[in-house]
Amino acid sequence: MIDKPGIDERLLAAEVAAAWAVDVTDLVFLPLGLDGRAWAYRVDTSDGGRYFLKLRHGEFTPAAVLLPGFLRAHGVRHVVAPIDPPDGGAGRGFGDHRLLLYPFHDGGSLWGHGLTDRQWIEYGEFLRRLHAVTPTADVAAVLPVETYRSSAGERLRVLGEQAAASETLSAFWGRYGAALHRLSETVDDLAARVPRGRHVICHADIHPGNLIADGDGPLHVVDWDAPILAPRERDLMFVHSQDFGDHPINARRAELFRRGYGPLEPDPTLLSYYRAERHLDDVAVFLDSILNSRASPESRANDLHWLTRIAETVADPGYAA
């Protein structure tokens, strides 16, 4: 979220210091992400250390806590996993919130910068390794399993009615509402036709915004909040789509990615389903955020920018999921 949470940051810093045995000298809010129930901070310590703190209202999913460490233990070195507090346990409570602390990596996300040639190969290597890991029984037990039953269409129906009556969104809905309802129908149609592929561990949000690197340095993969057992196309959609990041795939980048991933022939119906469903889900998320009476004008403007960008893509006559 780009709006700060309504908490006492001095008490938050004290909780982090006590829980992870670090001497916190500064807590810097980072306006990142689209999740309306999660916030990010950089934590600076007296020994020059820096950490990434994630604050969530309510609980983190068990998979978000357990899977990253499991993957690193199985050789998937790109994964950024939470740091266990010295006295054990999975994160810490802070009132109605939960905290997870991570290593901080310099360089920022690759959404705007794009990947270098070497990083496109490494991107493929990472996903090949991720998709090859077999989960243990305890890990598999906490991972959701793909069902192709999206809630985004029903959310769109409810939120669309509110948007049509909203001073902020009525003009937007008048222009794009019909196209967004057609998108919902497309998602339902594709869900009925997808082949049931073999399930692997998927990150499920592996666009360049969740790849961190300093220059041409190694990739660090963040935001393991919603992993799932699904066909590999769940992740490969982000690689092959033109919608995620300012420097999307082209023929050369596709060849570099294949060098890392290996031979692949993604199923086109699965890729189409995941692209359309992601667009539909993002639309519902942005509508809900904009309609939130507690959102700041800056947050609403940011969300409307991204919502309009998706709607323009979907409304284009050449749009094909």
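A crossing is left-handed if the near helix is turned anticlockwise from the far one by less than a right angle, and right-handed if clockwise. Keep that at hand for the helix pairs below.

This is a predicted model, in which local features need pLDDT of at least 70 and side-chain atom pairs count only at pLDDT 80 or more, while totals for chains, interfaces and linings use all residues. Residues are numbered from 1 along each chain as its sequence is written, and side-chain values use heavy atoms, with hydrogens and water left out.

**Whole chain**

**α9 and α10**

Select α9 (residues 268-291) and α10 (residues 297-315). Their axes lie 9 Å apart, at an angle of about 150°. (Axes are lines fitted to C-alpha atoms, for helices over the stretch in contact; angles run from 0 to 180 degrees between N-to-C directions.) The two helices are therefore roughly antiparallel (over 145 degrees; under 35 is roughly parallel, 65 to 115 roughly perpendicular, the rest oblique). Their crossing is left-handed. Show side chains in contact (heavy atoms within 4.5 Å): among them are Phe-286 and Ile-290 of α9 and Trp-306 and Ile-310 of α10. The contact residues divide into 9 nonpolar, 4 polar and 4 charged. (Ala, Val, Leu, Ile, Met, Phe, Trp, Tyr, Cys and Pro count as nonpolar; Asp, Glu, Lys and Arg as charged; the others, Gly among them, as polar.)

**α9 and α6**

The crossing is left-handed. Contact residues include Trp-173 and Leu-183 of α6, with Tyr-273 and Leu-280 of α9. By class, the contact has 12 nonpolar, 4 polar and 2 charged residues.

**α9 and α7**

Finish on α7 (residues 233-240). Its axis comes within 9 Å of the α9 axis, crossing at roughly 75°. The pair is therefore roughly perpendicular. Look for Arg-234 and Met-237 in α7, and Tyr-274 and Arg-278 in α9, among the residues that meet. This contact has 6 nonpolar, no polar and 4 charged residues.

Methods: Helices (H or I, at least four residues) and strands (E, at least two) are DSSP runs, numbered from the N terminus.
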